Amino acid sequence: MKVAIIGAGIAGLASAVRMACRGYEVEVYEANAYPGGKLSDFQLNEYRFDAGPSLFTMPQYVEDLFELAGEDIHPHFSYLKLPVICHYFWEDGTHLKAFAEEEQFANEIQEVLNIAPEGLKAVLKNGQQKYELTGRIFLEKSLHKLKTWLHKDVIKALLRLPRLHLFRSMNKVHEKYFDHPKMIQLFNRFATYNGSNPYKAPGLLSMIPYFEHKIGAFYPQKGMNAISQSIYELAKRKGVKFHFNSKVDEIISHKRRLKGIRINEEILDYDKVICNMDIFYAYHHLLKKHKKPKRILRQQKSTSALIFYWGIKKSFENLNLHNILFSENYKEEFSLLESGQISSDPTIYINISKKYSQEDAPDNCENWFTMINVPFDSGQNWDQLIQEARMNMIAKINRMLNTNLNELIECEAILDPRTIERKTFSHLGALYGTSSNNKMAAFMRHANFSKKIKGLYFCGGSVHPGGGIPLCMMSAKIVDELMHS
Ligand SMILES: Cc1cc2nc3c(=O)[nH]c(=O)nc-3n(C[C@H](O)[C@H](O)[C@H](O)COP(=O)(O)OP(=O)(O)OC[C@H]3O[C@@H](n4cnc5c(N)ncnc54)[C@H](O)[C@@H]3O)c2cc1C
């Protein structure tokens, strides 16, 4: 069987390995000159930067691929568990370390914020229950097959519906566990992991902190790019052929059966096609002649990001790999995002891979990936917004870290919603496909297969189960199962 994969994003790469392990002839067509899509890196003078994702959770999905391929992962990919997941900073000078070890984190919260440990324990336990009740069904299976809905786990989840907090917001759930605004803000932040608003996203999403705080946050040796590189190399070893600078123009079908793909004028025959590109563009460019699933494509997009990649001529002792500088008014920050604007006091995320990979920046220097959440592109004046945001971010960092950043930045690159869209063909520059800002969002993502064309499948962040590296990898697994069930 011949399988074509459109896009070498993380889900496309994972699909390539899975298909090759089935013994198929697999070819991947990628518009860019490199694999990984959003999960790639670049060099700026003497600084290396991971371009997109910076947080690695659920490494077992990478391990699964090596196991499937019958290879020992260790010579090819290694990672470590972070002892401190994130450093949180507030304007009043509060600095809180989120330790991976629960007791230690509880002690830190007690010491810094004077909060008893019960709330933390209870919220993480609740997250775990939510995951155990729904994860295996709603994240690991297709929601568009009757078989899934007949599974006994669905009945179990439905019987415990109130515990899933589908009908209250994530913020309301966190208010139930904490009465300290800083803890609520810290836990609300996890809504941004799929580009959503904690004041609107369903409380079911409060399972996200469970992944990070109970299973762990990890750092891949040589940085995030090592995830996509190691899977790319694994795919090649399994015989997958990659075609870079190869933009697919059309998915060809005849009488509801897949025939192949078209690149420029060339038609290439395939038995199956797995499309890893953004579902909006897939319908608007590659499936132009087909009826579009309008309701699905119209869903609200997730947030985007504005990133300043800065080469910094200093080492900051009080910063670590992941650092958050919180805004004073979180609710307003999200309201502004929803109306297409950026707060003048945005929450700033600083990622410094140099803290774990010495080779990523010169001695006594650091590679800062400095990011704020911004709305998806709806035609804003981005040049002006970027200028204003840069000024506000530098002022906030100077204030909170007691420094003078303008003197320390020696090189800079910028990524904004327009360039995210241009580089990875993500509709409106959304990072995670659609947002999860309503309780039906999980059911409104596109299926992992085409109901109109037999032999066509979809994976990646814009389809079920959603964006982020672990879910993208899961989509590849679902496609594999759908093809072989
Ligand atoms: C700034 C940023 C920060 C993020 N942070 C995190 C994080 O910390 N942790 C996390 O888990 N996730 C994070 N994410 C989300 C994560 O990166 C994505 O969900 C995931 O990488 C998407 O993978 P994908 O498989 O959907 O493919 P994508 O990475 O979207 O790649 C799709 C590929 O398809 C190619 N393509 C498109 N059209 C065609 C065509 N017609 N022909 C051929 N090829 C085509 C594109 O060139 C691209 O390479 C972040 C994303 C960004 C941008």
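**Close-up views of a predicted model**

K222 lies in the loop between β8 (218–220) and α11 (225–237), where helices (H or I, at least four residues) and strands (E, at least two) are DSSP runs numbered from the N terminus. The model is predicted, so that local features need pLDDT of at least 70 and side-chain atom pairs count only at pLDDT 80 or more, while totals for chains, interfaces and linings use all residues. Residues are numbered from 1 along each chain as its sequence is written.

**View 1. K222 and its backbone angle.** Phi of K222 is near 75°, a positive value in a residue other than glycine. With 20 C-beta neighbours inside 10 Å, K222 counts as buried; a residue is buried if 20 or more other C-beta atoms, placed from the backbone, lie within 10 Å of its own, exposed if 12 or fewer, and partly exposed in between.

View 2. Strand β10 (residues 250–254) pairs with β11 in the antiparallel sense over five bridges, two strands being taken to pair if DSSP finds at least two bridges between them. Within this pairing, the bridge partner of I252 in β11 is G260. The hairpin of β10 and β11 has two residues between its strands, and K255 in the turn has a positive phi of about 45°. N264 counts as exposed, with 9 C-beta neighbours inside 10 Å.

**View 3. The β3 and β4 hairpin.** Strand β3 (residues 41–44) and strand β4 (residues 47–50) run antiparallel and are joined by four bridges. L44 has Y47 as its bridge partner in β4. Two residues stand between the strands of this hairpin, and N45 takes a positive phi near 50°.

**View 4. Strand β14 between its pairing partners.** Eight of the nine residues of β14 are buried, so this strand is largely enclosed by the rest of the structure. β14 pairs with β17 in the antiparallel sense over nine bridges, and the bridge partner of F308 in β17 is T370. Six bridges join β14 to strand β18 (residues 409–415), which also runs antiparallel to β14; here Y309 has A413 as its bridge partner in β18.

**View 5. N381 in its loop.** The place of N381 is in the loop between β17 (366–374) and α15 (382–401). N381 is exposed, with 9 other C-beta atoms within 10 Å. The C-alpha atoms of N381 and H151 are separated by 49 Å, the two residues being 230 residues apart along the chain.

**View 6. The shell around the ligand.** Of the 36 residues around the ligand, G7, G9, G37, P53 and G460 come nearest, a residue being near a molecule if its C-beta atom, placed from the backbone, lies within 6 Å of it. The elements that give two or more residues to the shell are α1 (10–21), β14 (304–312), α16 (417–424) and α17 (469–483), and the largest share, three residues, comes from α1. The shell divides into 19 nonpolar, 14 polar and three charged residues, where Ala, Val, Leu, Ile, Met, Phe, Trp, Tyr, Cys and Pro count as nonpolar, Asp, Glu, Lys and Arg as charged, and the others, Gly among them, as polar.

View 7. The peptide bond from H464 to P465 is cis, with omega near 0°. P465 lies in the loop between β19 (456–458) and α17.

**View 8. The largest nonpolar core around A16.** The largest nonpolar core has 123 residues, and those with the most contacts inside it are A16, I231 and V273; such a core is a set of buried Ala, Val, Leu, Ile, Met, Phe, Trp, Tyr and Cys residues joined through C-beta atoms within 7 Å. The largest share of this core, nine residues, comes from α17. Leaving aside its neighbours within four places in sequence, A16 is in contact with I5, V26, V28, A235 and V240, contact meaning that the C-beta atoms of two residues, placed from the backbone, lie within 7 Å.
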